[in-house]
Amino acid sequence: MTGLARLFSALTALCLLAAAWILLAPQPRSPAPIPRVPPLTVPLTGPVDHIVIHKSARRMTAFRDGQPLKIYRVALGFAPAGEKRRQGDGRTPEGRFTIDRVNQKSAYHLSLGLDYPRPQDRARAAAEGADPGGDIFIHGQPNQRPDGETLPGDWTAGCIAVSDAEIRELYAAARIGTTVEILP
């Protein structure tokens, strides 16, 4: 019986040591909470001051004061991987841009123009003996399509396309001067 009592005492001491270790050991910090983003179906209301586009995820997020407001699925240029190098390459440019014009009479159901090409885009293209291209927009679907129809896949010449309903939301919420960040 004394052997059993020793075993019980040893197990009790081991449990107490383990409990002390758990209580006294440094705890890992929990990561910062991820901001909650409303579902895709919630309408965008009020102004936006920043838009982030993740090309590889085909995702665009509208922000106000650093808080995400809505996420959109997007279509890109027909060859979207990589940085836009020249007109006709089918790539969507990467970098930080500003909405510098709006177009109610766009061929693609409303559009928000980006300030591409920037001076560095022009210089790079000139060094390569190429035309950098231009007229990069966030826009809706081609006007010839019925409202509500969305073309599948990446089909633009380098722009960012959303549905007609979504561009109406963005067109109402974004202003000239809104920043747009396009990431790989």
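Trainee: Is Asp-65 buried or exposed?
Mentor: We're looking at a predicted model, where local features need pLDDT of at least 70, side-chain atom pairs count only at pLDDT 80 or more, and totals for chains, interfaces and linings use all residues. Residues are numbered from 1 along each chain as its sequence is written, and side-chain values use heavy atoms, with hydrogens and water left out. Buried means under 20% relative accessible area, exposed means over 50%, and partly exposed is in between (1.4 Å probe, protein chains only). Asp-65 has 64% relative accessibility, so Asp-65 is exposed.

Trainee: What is the phi of Asp-65?
Mentor: Find the loop between strand S2 (59–64) and strand S3 (67–73), and you'll find Asp-65 there. Most residues other than glycine have a negative phi. Asp-65 isn't a glycine, yet its phi is positive, at about 50°.

Trainee: Which residue other than glycine has a positive phi near 70°?
Mentor: Look in the loop between S4 and S5. The one with phi near 70° is Leu-110.

Trainee: How many helices and strands does the protein chain have?
Mentor: Helices (H or I, at least four residues) and strands (E, at least two) are DSSP runs, numbered from the N terminus. Read from that end, the elements go α-β-β-β-β-β-α-β-β-α-β. That gives 3 helices and 8 strands.

Trainee: What share of the protein chain's accessible surface belongs to carbon and sulfur atoms?
Mentor: Accessible areas come from the Shrake-Rupley method with a 1.4 Å probe, and for residues only the protein chains shown count as cover. As for the residues, 39% of the 184 in the protein chain are buried. The accessible surface comes to about 10900 Å², and the carbon and sulfur share is 61%.

Trainee: In the protein chain, what share of the contacts with a separation of 6 or more is between residues 24 or more positions apart?
Mentor: A contact means heavy atoms within 4.5 Å. Take the contacts with a separation of 6 or more, and then pick those between residues 24 or more positions apart: their share is 59%.

Trainee: Where is Gln-141, buried or exposed?
Mentor: Gln-141 lies in the loop between strand S6 (137–139) and strand S7 (160–161). Leaving out residues up to four places away in sequence, Gln-141 touches several others, including Tyr-108, His-109, Glu-149 and Trp-155. Its relative accessibility is 1%, so Gln-141 is buried.

Trainee: What kind of aromatic pair do Phe-97 and Tyr-116 make?
Mentor: Rings of Phe, Tyr and Trp (its six-membered ring) pair if their centres lie within 6.5 Å; planes under 30 degrees apart count as stacked, over 60 as edge-to-face and the rest as tilted. The count by this rule is 2 aromatic pairs. With centres 6.3 Å apart and planes at 70°, Phe-97 and Tyr-116 are edge-to-face.

Trainee: How many residues apart are Phe-97 and Tyr-116?
Mentor: Both of these residues are buried. Phe-97 sits in strand S4 (residues 95–103), while Tyr-116 is in the loop between strand S5 (111–114) and helix H2 (119–127). The pair links distant parts of the chain, and the separation in residues is 19.

Trainee: And what kind of pair do Tyr-108 and Trp-155 form?
Mentor: Tyr-108 is partly exposed because its relative accessibility is 33%, and Trp-155 is partly exposed at 21%. Their ring centres are 6.0 Å apart and their planes are at 40°, so the pair is tilted.

Trainee: The peptide bond from Tyr-116 to Pro-117 has which form, cis or trans?
Mentor: Most peptide bonds are trans. Pro-117 lies in the loop between S5 and H2. The bond from Tyr-116 to Pro-117 has omega near 5°, and its form is cis.

Trainee: How many salt bridges are there?
Mentor: A salt bridge is a side-chain nitrogen of Lys or Arg within 4 Å of a carboxyl oxygen of Asp or Glu. One of them joins Asp-89 and Lys-84, with the closest N and O atoms 2.9 Å apart. By this rule the count is 12.

Trainee: Which residues are linked with Arg-101 in a network of salt bridges?
Mentor: Arg-101 is partly exposed, with a relative accessible area of 25%. It forms a salt bridge with Asp-100, where the closest N and O atoms are 2.5 Å apart. The network links Arg-101 with Asp-100 and Asp-135.
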